[in-house]
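User: I am new to this structure. Please show me how to read its features, step by step.

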Amino acid sequence: MATQSQIDANRRNAQKSTGPRTPEGKAKSRRNGLLHGLTAKTCMLDGEDPAELTNLVDRISEKYDPQDIDEDFYVERMAKARCRYNRIMPLEAGIFNIRLTVDQAPKEVVAALSQEGQRAWAYLRDANGGNALSKLARYETSLLREYDRSRQELEKLQKIRAAKPTPPPVAEELRREPDPPITPTKSAQPETRTPPPITQDPSPSEAPADEPTIADFQRTVDRR
């Protein structure tokens, strides 16, 4: 379990971090805060700093750059597995300290092996009793596997996303072009017909040659 001085040191280190600088990184950092900031308190034990979990999420996100909710899920699993893994060594030390206090080694063992003999005696007593240290070792292996499986699944998703074909640039440019303006339709107008040309009647002087004239008629009368 972390001491108060360690918690204060973690908080000071978190304040020194510059954090993400790009707009994309800042957006992801805000998203991580919303996803994990409230749940971090329920994941931590009494005396542990919830900022430790959120800092792990931010650092793993900065490395793997998750792009969707599924990738965020595996980042969260990795951070939680790493956070629980960090408890292993303090727990192991606590178990040893309890055994060293409760199960005192015989004087002959202490005289022969000194402090190492006392620790070996504590381990033997635990192995013959609750076997907490061996269970803790199996728990450590389980957390390592959890972290590694989550990392592999995250990388698999990212490879699938990277392998998706991107549209050709020509088609992309065509989609960006604005639609052509709509040409207004012309209103229907009544059809006008041109009247045929008016032909003038031929003048009397232009009468056909075979039609008798007045002079011809007069000569006919005179003959009679």
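Analyst: Start with a definition. A salt bridge is a side-chain nitrogen of Lys or Arg within 4 Å of a carboxyl oxygen of Asp or Glu. Side chains of opposite charge can pair when their charged atoms come close. Keep in mind that this is a predicted model.

User: How many salt bridges does a search of the whole structure find?

Analyst: The search finds 9. Take Glu 48 and Arg 87: their closest N and O atoms are 3.0 Å apart. Glu 48 sits in the loop between helix 3 and helix 4, and Arg 87 in the loop between helix 5 and helix 6, so the pair ties together parts 39 residues apart in sequence.

User: Are Glu 48 and Arg 87 buried or exposed?

Analyst: Both are buried.

User: Which parts of the chain does the pair Arg 77 and Glu 146 link?

Analyst: Arg 77 is in helix 5 and Glu 146 in helix 8, 69 residues apart. Their closest N and O atoms are 2.6 Å apart. Arg 77 is partly exposed, at 27% relative accessible area. Glu 146 counts as buried, at 15%. A network of salt bridges links Arg 77, Glu 146 and Arg 149.

User: Now the helices. At what angle do the axes of helix 6 and helix 8 cross?

Analyst: They cross at roughly 175 degrees and come within 10 Å. Angles over 145 degrees count as roughly antiparallel, so helix 6 is roughly antiparallel to helix 8. Residues making the contact include Leu 91 and Phe 96 of helix 6 and Leu 136 and Tyr 139 of helix 8. By class, the contact has 9 nonpolar, no polar and 2 charged residues.

Technical notes
Residues are numbered from 1 along each chain as its sequence is written. This is a predicted model: local features need pLDDT of at least 70, side-chain atom pairs count only at pLDDT 80 or more; totals for chains, interfaces and linings use all residues. Side-chain values use heavy atoms; hydrogens and water are left out. Axes are lines fitted to C-alpha atoms, for helices over the stretch in contact, and angles run from 0 to 180 degrees between N-to-C directions. Helices (H or I, at least four residues) and strands (E, at least two) are DSSP runs, numbered from the N terminus. Angles under 35 degrees count as roughly parallel, over 145 as roughly antiparallel, 65 to 115 as roughly perpendicular and the rest as oblique. Contact means heavy atoms within 4.5 Å. Ala, Val, Leu, Ile, Met, Phe, Trp, Tyr, Cys and Pro count as nonpolar, Asp, Glu, Lys and Arg as charged, and the others, Gly among them, as polar. Buried means under 20% relative accessible area, exposed over 50%, partly exposed in between (1.4 Å probe, protein chains only).
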